[in-house]
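Please look through the structure shown here, and keep it open while you read the report that follows.

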Amino acid sequence: GFAEDYGAVALGFARLAGAIGDAEWLRRARTLLAQALELFAADDGGFHDTAADAEVLFARPRDVSDNPTPSGTSALIAALRLAGLLADDSGLIEAADLAAGTLRGILEQAPRFAGSALVDVLVADEARTGLRPAVAVVIGEPLGKDARATWRMAPMGTAVLAGPAGTEGFAHHFDDRTETGVYVCRGTTCFPPTSDLSDLRTALWSRVT
């Protein structure tokens, strides 16, 4: 497979893990990403499109432009960041931020082909100022009202995780969280659990570190 295949599938696994609260899908996402980091890594922290063990070419292709679907680099960055947030794995998050730096050129040269790249770079830039993406943990029915509202309102880059109290396999995200509602944390700031749409919107969009 190519970098975009690994990135798209790993991102799908990570999103499914968050949507239904099943850590097995997060484990699969992390397994794919570990392989991708070995197969596609470039010296500058970005990614090649073809794997290191693929047929030897005159030059390994590396196209970071986004078309109807994200480039391989953008797909891998999104998957690394989401899986890292869900698993509280700083290594994956740092790999995503480092790779995002290789996308600045496409923003300047061909912004029409940098839709996903723009999000990747903005999230990485904010992280450098201390403004990490929010993690929203929904205690309750994974596909229930609170979860659907959170998915609709969350800014891009937010990690949304839903499941009943006591769900395991997602680092500390369900620890000591028993009250039904949505717990939103960004960096070291956490908001009280809520099911009120106005309060939820405020928590999701608050720019605190």
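This is a predicted model: local features need pLDDT of at least 70, side-chain atom pairs count only at pLDDT 80 or more; totals for chains, interfaces and linings use all residues.

Two packed helices are described by the angle between their axes and the distance between the axes. Helix α1, which covers residues 3-20, packs against helix α3, residues 72-87, at an angle of about 30°, and their axes are 8 Å apart. Because angles under 35 degrees count as roughly parallel, that angle makes α1 roughly parallel to α3. The crossing of these two helices, α1 and α3, is left-handed.

The residues of α1 that meet α3 include Ala 3, Tyr 6, Ala 10, Leu 11 and Ala 14, while those on the α3 side include Ala 75, Leu 76, Ala 79, Leu 82 and Leu 86.

The crossing in which α1 passes α2 is left-handed.

In this second contact, α1 contributes residues including Ala 3, Tyr 6, Val 9, Phe 13 and Ile 20, and these are part of the group that meets α2 residues, among them Trp 25, Leu 26, Leu 32, Leu 39 and Phe 40. The contact of α1 with α2 is made up of 17 nonpolar residues, one polar and one charged.

The structure holds three aromatic pairs, and one of them is formed by Tyr 6 and Phe 40, whose rings lie edge-to-face, 5.2 Å centre to centre, with 65° between the planes. Tyr 6 belongs to helix α1 and Phe 40 to helix α2 (residues 23-40), so the pair ties together parts that are 34 residues apart in sequence. Tyr 6 is buried, because its relative accessible area is 18%, and Phe 40 likewise counts as buried, at 0% relative accessibility.

Which residues does Asp 97 touch, leaving out those up to four places away in sequence? Asp 97, which lies in helix α4 (residues 90-100), touches Arg 81, Ala 124, Ala 127, Arg 128 and Arg 132.

Ala 134 is placed in the loop between α6 (115-128) and β1 (135-139). Apart from its neighbours within four places in sequence, Ala 134 is in contact with Gly 157, Thr 158, Ala 159, Val 184, Cys 185 and Arg 186. The C-alpha atoms of Ala 134 and Thr 158 are separated by 5.0 Å, although the two residues are 24 residues apart along the chain.

Asp 199 is found in helix α8, which covers residues 197-205. Between the C-alpha atoms of Asp 199 and Val 182, which are 17 residues apart along the chain, the separation is 9.9 Å.

The table lists the accessibility of these single residues.

| Residue | Relative accessible area | Class |
|---|---|---|
| Asp 97 | 10% | buried |
| Ala 134 | 1% | buried |
| Asp 199 | 45% | partly exposed |

Since buried means under 20% relative accessible area, Asp 97 counts as buried at 10%, and Ala 134 does so at 1%. Asp 199, with 45%, is partly exposed, because that class lies between the limits of 20% and 50%.

Conventions. Residues are numbered from 1 along each chain as its sequence is written. Side-chain values use heavy atoms; hydrogens and water are left out. Axes are lines fitted to C-alpha atoms, for helices over the stretch in contact, and angles run from 0 to 180 degrees between N-to-C directions. Helices (H or I, at least four residues) and strands (E, at least two) are DSSP runs, numbered from the N terminus. Angles under 35 degrees count as roughly parallel, over 145 as roughly antiparallel, 65 to 115 as roughly perpendicular and the rest as oblique. A crossing is left-handed if the near helix is turned anticlockwise from the far one by less than a right angle, and right-handed if clockwise. Contact means heavy atoms within 4.5 Å. Rings of Phe, Tyr and Trp (its six-membered ring) pair if their centres lie within 6.5 Å; planes under 30 degrees apart count as stacked, over 60 as edge-to-face and the rest as tilted. Buried means under 20% relative accessible area, exposed over 50%, partly exposed in between (1.4 Å probe, protein chains only). Ala, Val, Leu, Ile, Met, Phe, Trp, Tyr, Cys and Pro count as nonpolar, Asp, Glu, Lys and Arg as charged, and the others, Gly among them, as polar.
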